Amino acid sequence: MKNSKIEVSEGTALPVMEAFYTIQGEGTFSGSPSYFIRLGGCDVGCVWCDVKDSWDAAKWPLWSVDSIVSEAMKFPSRTVVITGGEPLMYNLYPLTYALKENGFRIHIETSGAHPFSGIFDWVCFSPKKFKKPHPSIYEKADELKVIAYHNSDFAFAEEHASKVKPSCQKLLQPEWSKKENMTEKVIDYVKSNPNWKISLQTHKFMDIP
Ligand code: SF4
């Protein structure tokens with residue numbers, strides 16, 4: 001039997017905070033039924049984080065890659081979203097290979113704060129001011145999703161937009177607790193800068209997890 005620390009470092013077992021079938025609420029694939037795999041562990045430390053419970057990886061059980069995949073197979077959608085926490089803290093090649101072998105389309109949501117690993121059909125890169133992204137994320141990002149919490153986030157968004165590939169979708173999303181104040185600013189910004197689009201947390205409006 002393998003040591004669990006070795007399995008985590010190899011990516012053959014991962015701490016899973018929760019895994020559930022729902023509707024993707026935000027970003028380019030908003031409205032799509034998807035199976036979410038939320039990995040435990042994050043060292044980014046966003047002040048407005050709505051999943052602070054995810055930060056300590058040791059709180060969550062280790063699941064083998066095989067058990068993660070067999071749970072995902074129980075649901076009708078063949079789209080999985082790997083999120084966190086910060087999923088790129090782990091080697092995601094074993095999990096993504098196994099999901100691909102079983103016919104899944106694989107998306108990731110990441111702050112990009114760690115070196116990129118894994119094979120994905122869609123990479124949602126959501127940079128955070130609290131920990132600088134690793135340079136490997138820029139060529140991988142299919143979607144740049146910047147959370148608008150403060151006025152300075154528009155300049156922050158442009159800084160990252162200048163580094164992603166031309167085909168990358170650029171999305172601004174009002175932070176939920178600041179939505180009264182930031183939604184109007186996001187609307188104005190996108191109208192003046194039409195290379196950006198708005199992303200809303202529709203799952204929160206619909207009250208689904
Ligand atoms: S990167 Fe995500 S999980 Fe980590 S602190 Fe920020 S919002 Fe929370």
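**Close-ups of a predicted model**

**View 1. The whole chain.** With 209 residues, a compact globule would have a radius of gyration near 17 Å, and the protein chain agrees at 17 Å (taken over C-alpha atoms; the rule is 2.2 Å times the number of residues to the power 0.38). This is a predicted model, where local features need pLDDT of at least 70, side-chain atom pairs count only at pLDDT 80 or more, and totals for chains, interfaces and linings use all residues. Residues are numbered from 1 along each chain as its sequence is written, and side-chain values use heavy atoms, leaving out hydrogens and water. Along its principal axes, the C-alpha trace spans about 55 × 35 × 30 Å. The chain has 6 helices and 9 strands (DSSP runs, H or I of at least four residues and E of at least two, numbered from the N terminus).

**View 2. The annotated span.** UniProt, in an unreviewed entry, lists residues 29–209 as "domain: Radical SAM core"; such annotations may be inferred rather than shown by experiment. The end C-alpha atoms of this span sit 16 Å apart, and it is 25% helix and 22% strand.

**View 3. Where α2 meets α3.** Helix α2 (residues 65–72) packs on helix α3 (residues 93–101) at about 40°, with axes 10 Å apart (lines fitted to C-alpha atoms over the stretch in contact, angles running from 0 to 180 degrees between N-to-C directions). Val65, Ile68 and Val69 of α2 touch Pro94, Leu95, Ala98 and Leu99 of α3 (heavy atoms within 4.5 Å).

**View 4. A cis peptide.** The bond from glycine 84 to glycine 85 is cis, with omega near 15°. Glycine 85 falls in the loop between β4 (79–83) and α3.
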